[in-house]
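Welcome, and get your viewer ready. We will walk through a few selections together, one stop at a time.

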Amino acid sequence: MVYDEIERASREELADLQSDRLAWTVKRAYEDVPFYRDALDDADVTPDDIESVADVDRLPFTTKEDFRDQYPDGLFAVPRAEVVRVHASSGTTGTPKIVAYTDADLATWREVMARSLHAAGVRPEDTLQNAYGYGLFTGGLGFHDGGEELGTTVIPIGGGNTDRQVDFLADLGSDVLACTPSYSLYLAEAIEARGVDPADLDLSVVTIGAEPFTDPMRAEIEAALDVTAIDVYGLSEIIGPGVSIECADAQDGLHLWEDHFLPEVIDPETGDVLDEGEEGELVLTTLTKEALPVLRYRTGDITSLNYDECDCGRTCVRMGNVTGRADDLLIVRGANVYPSQIEAVVLESDAVAPHYRIDLRREEALDTMDLTVECHDEFDGDTEELRERLRDRIESVLAVSPDSIDLVSPGTIERTTAGKVKRVYDHRDDREN
Ligand code: DLL
């Protein structure tokens with residue numbers, strides 16, 4: 001069952017719709033955003049050149065730097081009187097990216113979020129405990145509005161407030177929890193500490209997003225909360241959460257709402273468009289946004305696309321789980337390391353809890369990598385043997401092994417109770433402490 005018939009439109013029908021909407025978007029961007037007029041002029045493209053969706057690769061890319069350079073509102077395509085809301089995404093460094101919505105944009109967002117929640121198995125009779133942060137972050141209000149649009153009971157508890165979260169899960173019988181993967185683990189610990197058995201709660205689904213996570217991490221969350229964990233993806237620059245989500249039926253890739261967002265995957269080095277199935281950087285073009293049309297936005301997120309029809313009957317493209325971003329890449333003594341590779345290897349072991357941190361330092365021009373990992377509370381084996389096992393596994397997967405592996409007792413590593421988790425601390429260049 002789909003929320004909106006467009007979810008199972010034929011590929012031809014979708015392409016026609018996308019072509020019309022792309023032409024509309026490019027025309028608006030050209031006429032109403034000086035930044036895009038210049039970029040299109042530089043690329044020698046006029047709106048009339050964009051006749052179909054196949055012409056998208058003629059358009060120039062938009063980057064995070066463009067958002068920052070155009071701070072605060074240089075990318076807005078409507079007068080301020082038509083903007084009814086702004087959000088901001090801070091990122092880790094520098095100037096925030098300000099994003100804007102007209103009334104119609106908010107309606108679109110509500111619709112794609114309602115569709116997303118429905119695909120995740122949420123129904124009007126359910127209660128949605130929304131533990132994403134409210135405010136400038138798009139997570140809180142995105143889930144809030146989508147939940148109301150679908151007709152669920154929304155509990156706008158927001159991030160943190162963990163004792164109250166546990167009370168409400170039990171007392172209000174929340175069926176669905178929306179929060180980051182790291183917070184879902186923290187909540188699971190708080191539930192256990194209160195002596196509550198997750199199996200006694202009504203909770204059956206957690207929609208996790210806003211942070212990368214690996215499959216072993218998802219398995220930890222599902223076991224700890226006795227739920228199905230559904231991956232939900234989105235980003236402020238495009239709309240917020242609601243760009244794509246897994247369906248509860250198949251859980252085989254994230255359905256990307258192509259009537260509103262046009263995806264491509266490119267080689268991050270060359271910018272060339274890659275074929276279906278090839279892994280690269282996700283690029284998104286908005287097709288209906290009024291206040292902030294975005295052409296070929298380089299998300300930095302690594303994924304691939306699959307155009308086969310899903311077992312659930314939806315025809316829109318599916319993207320793979322994003323386990324990291326192109327700029328997560330750590331270069332340690334010349335070797336490439338993605339934190340997600342370390343996460344996946346470490347969490348293979350039952351002796352290890354899903355909490356770890358990676359510290360990078362530079363000592364006399366040489367990089368060092370220290371890994372701190374928490375043991376599971378039931379672990380009572382030989383730590384020296386566990387350390388060696390972890391080291392062997394990491395060595396077999398990565399071209400470099402940690403200089404030290406510190407096994408610490410449960411609860412030692414600081415938990416993230418608000419915002420996005422940070423697991424990598426790069427002390428080289430003294431950029432961070
Ligand atoms: O994180 C929007 C969101 C809120 C998505 C709630 C899902 C749930 P930003 O703060 O702008 O927006 O951050 C966007 O977060 O480019 C990815 O790098 C990362 N991200 C978002 N969802 C996922 C996910 C929100 N499911 C950035 N898996 C994106 C991996 C994700 N990374």
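Which elements do the buried residues of α10 pack against? Keep in mind that this is a predicted model, then select residues 383-397, which make up helix α10. Its buried residues pack against α9 (339-347), β17 (352-363), β18 (366-375) and β19 (404-408).

Now show the side chains of Leu 386, Arg 387, Leu 390, Arg 391 and Ile 394, the buried residues of α10. Look down the helix axis: these residues fall within an arc of 135°, so they line one face of α10. From its first C-alpha to its last, this 15-residue helix reaches 21 Å, close to the 21 Å expected. At the N-terminal end, pick Asp 382, which caps α10 with a side-chain oxygen 2.9 Å from the backbone nitrogen of Glu 384.

Next, select residues 103-119 for helix α4, which has 17 residues and spans 24 Å, close to the expected 24 Å. Here 12 of the 17 residues are buried, so α4 is largely enclosed by the rest of the structure. Among the buried ones are Leu 106, Trp 109, Val 112, Met 113 and Arg 115. Just after the helix, click on Gly 121, where phi is positive at about 100°.

Note on methods: Residues are numbered from 1 along each chain as its sequence is written. This is a predicted model: local features need pLDDT of at least 70, side-chain atom pairs count only at pLDDT 80 or more; totals for chains, interfaces and linings use all residues. Side-chain values use heavy atoms; hydrogens and water are left out. Helices (H or I, at least four residues) and strands (E, at least two) are DSSP runs, numbered from the N terminus. The expected span of a helix is 1.5 Å times one less than its number of residues. Buried means under 20% relative accessible area, exposed over 50%, partly exposed in between (1.4 Å probe, protein chains only). The arc is that of the directions from the helix axis to the C-beta atoms. Contact means heavy atoms within 4.5 Å. A polar contact is a pair of N or O atoms within 3.5 Å; within protein, one must be able to donate a hydrogen and the other to accept it, and residues adjacent in sequence count only if both atoms are side-chain atoms.
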